[in-house]
Amino acid sequence: MAKTQPGAAAQLPKARWRLIGPGLVVAATGVGAGDLVATAVAGSRYGYTLLWAAVLGCLIKISLAEATGRWHLATDTTIFDGWRSLGRWTTVYFGGYIVIWGFIYGATAMSASGLPLVALFPDGPDLRTWGILSGLLGLVCVWFNRYAVVEKLMMVFVGVMFVVVVGIAIRVAPDTGAMVAGLWPTLPDGSVLYTLGLIGGVGGTITLAAYGYWVTAKGWRGPAWMPMMRLDNRVAYATTGLFVVSMLVIGAELLHAAEVSLTQGDRGLLDVGAVLEDRFGSLTANLFLIGFFAASFSSVIGVWHGVSLLFTDFVSRLRPAAVPAGDPERSWPFRAYLLWLTFPPMALLWLDQPIGLIITYGVLGAFFMPFLALTLLWLLNTSQVPREWRNGPISNVMLFGSGVMFLILCVQQVRDLPW
């Protein structure tokens with residue numbers, strides 16, 4: 001793992017723009033096909049009315065990622081160390097969650113990456129084959145490379161997403177007056193839970209907890225890097241905000257007026273591609289599908305790397321000898337979780353998910369975001385953090401408000417499970 005060089009903090013103001021990276025990695029990982037579909041659906045249903053909710057979702061994720069990075073830099077420990085200080089129950093919960101989550105998410109991510117490839121190459125392999133190839137390519141990219149290469153790959157995908165999604169949004173000619181009006185908080189009838197889901201779904205779940213590990217992998221250690229981390233985080237989620245607003249514009253301008261309904265899940269982006277082809281031709285539609293693939297596959301690489309680091313930290317606290325000091329990416333827990341994300345989930349590409357697994361995954365997953373928000377709220381107000389880096393009023397309000405919102409969504413998600 002890279003070490004901070006003497007004098008690095010003193011050079012920070014001149015070098016910081018070119019040092020931006022971990023935030024874009026976490027943002028690109030968190031903004032997958034599902035987030036783009038959810039935002040496009042919001043635009044197709046309500047036009048620009050819920051633009052404020054998408055922006056608020058980005059602000060909430062800025063506060064959560066900043067809190068995670070601040071914990072790592074201020075305490076020189078990891079977020080998992082913080083969770084362990086709250087009691088053994090956190091280890092039990094997190095251990096079960098990360099194993100089950102990885103199994104389900106691996107199949108979801110591979111399938112999402114395969115969908116645009118099937119549409120781009122209709123005479124080529126089927127969805128399962130493209131999904132498996134995507135998972136294997138993600139495995140190779142992470143297995144043989146360290147964080148620095150992963151970051152560069154993610155920068156390429158962010159660039160593709162930016163050019164494609166923002167470019168198409170500009171081409172469909174957004175209604176700027178309606179966009180400005182959409183920044184005023186308004187709730188259409190019967191849209192409360194839907195709006196909360198839109199706010200909560202913008203920009204990542206467990207990958208937010210990986211941010212601190214990417215900060216450390218970048219070589220940022222200690223409070224001197226706090227300004228850099230905050231700049232990195234804000235630039236990243238400002239970029240995320242542009243993606244989200246652009247997809248809402250596409251939904252509002254292309255789908256809302258035409259009353260087009262999107263297919264649920266990641267396949268909804270194929271519907272967007274079909275509408276773009278009808279209006280602008282196959283070139284624009286294919287460019288959109290390339291952006292769709294960039295959004296999906298960047299999540300594969302980001303999760304394969306970041307969540308494997310989280311799992312490695314989890315194992316290292318139980319078996320310290322399992323992880324060599326300063327080299328988690330070459331340890332057997334890191335590579336074991338990489339394999340777990342890649343190969344067992346391939347079975348789900350053929351089989352329907354067992355109902356018991358769906359329920360277990362749904363319950364554990366529903367609790368993670370309130371778990372993250374409320375534990376950060378507690379930890380960053382304790383004596384474990386130097387006083388100057390504890391939460392201020394704004395951080396406390398954001399973490400508490402997001403924790404309450406995620407608890408409401410958690411209850412609703414558990415109620416909606418197929419018991």
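Trainee: Arg 317, buried or partly exposed?
Mentor: Arg 317 is partly exposed, because its relative accessibility is 25%. Buried means under 20% relative accessible area, exposed over 50%, and partly exposed in between (1.4 Å probe, protein chains only).

Trainee: What am I looking at, and how is it numbered?
Mentor: This is a predicted model, where local features need pLDDT of at least 70, side-chain atom pairs count only at pLDDT 80 or more, and totals for chains, interfaces and linings use all residues. Residues are numbered from 1 along each chain as its sequence is written, and side-chain values use heavy atoms, leaving out hydrogens and water.

Trainee: Where is Asp 313 relative to Arg 317?
Mentor: Both are in helix 15, four residues apart, which is about one turn of the helix. Asp 313 also forms a salt bridge with Arg 317, and the closest N and O atoms are 2.6 Å apart. Asp 313 counts as buried, because its relative accessibility is 7%.

Trainee: How many salt bridges does the whole structure have?
Mentor: A search finds seven. Glu 66, Arg 70 and Arg 230 are linked in a network of them.

Trainee: What about Glu 151? Which residue does it bridge to?
Mentor: Lys 218, with the closest N and O atoms 3.0 Å apart. Glu 151 is in helix 8, while Lys 218 is in the loop between helix 12 (211-217) and helix 13 (226-256), so the pair ties together parts 67 residues apart in sequence. Glu 151 is buried at 9% relative accessible area. Lys 218 is partly exposed at 21%.

Trainee: New topic. How do helix 8 and helix 15 cross?
Mentor: Helix 8 (residues 147-171) and helix 15 (residues 282-318) have axes that come within 9 Å and cross at roughly 150 degrees. Axes are lines fitted to C-alpha atoms, for helices over the stretch in contact, and angles run from 0 to 180 degrees between N-to-C directions. The two helices are therefore roughly antiparallel. Angles over 145 degrees count that way; under 35 is roughly parallel, 65 to 115 roughly perpendicular, and the rest oblique.

Trainee: Which residue classes make up that contact?
Mentor: The contact of helix 8 with helix 15 has 17 nonpolar, five polar and one charged residues. Nonpolar covers Ala, Val, Leu, Ile, Met, Phe, Trp, Tyr, Cys and Pro; charged covers Asp, Glu, Lys and Arg; the others, Gly among them, are polar.

Trainee: And aromatics? How many pairs?
Mentor: The search finds 21 aromatic pairs. Rings of Phe, Tyr and Trp (its six-membered ring) pair if their centres lie within 6.5 Å; planes under 30 degrees apart are stacked, over 60 edge-to-face, the rest tilted. Trp 83 and Phe 368 have ring centres 6.3 Å apart and planes at 85 degrees, so that pair is edge-to-face. Trp 83 is in helix 5 and Phe 368 in helix 17 (residues 355-379), so the pair ties together parts 285 residues apart in sequence. Trp 83 and Phe 368 are both buried.

Trainee: Which cluster do Trp 83 and Phe 368 belong to?
Mentor: They belong to one aromatic cluster, whose members also include Phe 80, Tyr 337 and Phe 371.

Key:
A salt bridge is a side-chain nitrogen of Lys or Arg within 4 Å of a carboxyl oxygen of Asp or Glu.
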